[in-house]
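Q: Can we go through this structure together? I'd like to start with the aromatic rings.

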Amino acid sequence: FAMKVLTALSALFMLGGSIGWVLELCYRRLAHGKWINPGFLAGPCLPLYGTGVLLLYGFCSLDLSFIASSVLREVVRILLLAVVLTGIEYVTGVVFTRFFHVKLWDYSNRPGNIDGVICPLFSVIWGALGAGYALFLHPYLVRFVEFLAENPIYHFFSGMYIGVFLVDVCYSFHVVTKIRQFAKEQALDVRYENLKLQIARRAEELKQRRNFVFPLRSPAGLREELAQYREELRKTLARKMKK
């Protein structure tokens, strides 16, 4: 039984993290016109989405039969999902901003945002995703996870995925620790996606090969790219003050 539970949890996390990575990759392509590796990790996984799918699965498995109306049950479930997913987004964003001085995303220009980490628009999006999952996907995912739990081949690939994932986590935290050191020295917060975009643009301008898997790598070195990021940030602030 315990092995089946672990199999289900790993499958949900991997599916959510990988599908979320694809969605964010396509979004960045549309938003910036470039293929930018999204998220904190180097590999094709966004842990926030993986954790989100785990919660979706858990909440949709909750027994809410004490609520008489079936419609009201689903409304309560969807509202809970929106609140919990927004809460995870807030905690993750605050931890990275305050401890690492890194902004993995920035909603500062969105109405009603809190600390630039969460905003009403994305809470609604989380709720819509939760509703779509609860109403249409959950029964199929339950059957799919049960199928994986009975398939020994899955355990082999799951072990490989988790092994690579753990190495990726260690590498990514090593990189973000270097960014934290620079950010503390300069008393600024680094917007992770903006830094990736800057490195990509500079590589194109200098006709250098861009590293998609490790977007923070460049021939100039990370510290030089951070110094360039600081200068670009100062120029942007200066232009805004003139206006």
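**Rings and cores**

A: Arg217 lies over the face of Phe214, at 4.2 Å from the ring centre. A charge sits over a ring if NZ of Lys or CZ of Arg is within 6 Å of the ring centre and within 35 degrees of the ring normal. This is a predicted model: local features need pLDDT of at least 70, side-chain atom pairs count only at pLDDT 80 or more, and totals for chains, interfaces and linings use all residues. Residues are numbered from 1 along each chain as its sequence is written, and side-chain values use heavy atoms, without hydrogens and water.

Q: What sits over the ring of Phe99?
A: The charged end of Arg180, 4.5 Å from the ring centre.

Q: OK, ring pairs. How many aromatic pairs are there?
A: The count is 13. Rings of Phe, Tyr and Trp (its six-membered ring) pair if their centres lie within 6.5 Å; planes under 30 degrees apart are stacked, over 60 edge-to-face, the rest tilted.

Q: Why is the pair of Phe13 and Phe165 edge-to-face?
A: Because the planes are at 80°, with the centres 5.5 Å apart.

Q: Are those two buried or exposed?
A: Both Phe13 and Phe165 are buried. Buried means under 20% relative accessible area, exposed over 50%, partly exposed in between (1.4 Å probe, protein chains only).

Q: New topic. How many residues has the largest nonpolar core?
A: It has 29, and Leu216 is one of those with the most contacts inside it. Such a core is a set of buried Ala, Val, Leu, Ile, Met, Phe, Trp, Tyr and Cys residues joined through side-chain atoms within 4.5 Å.
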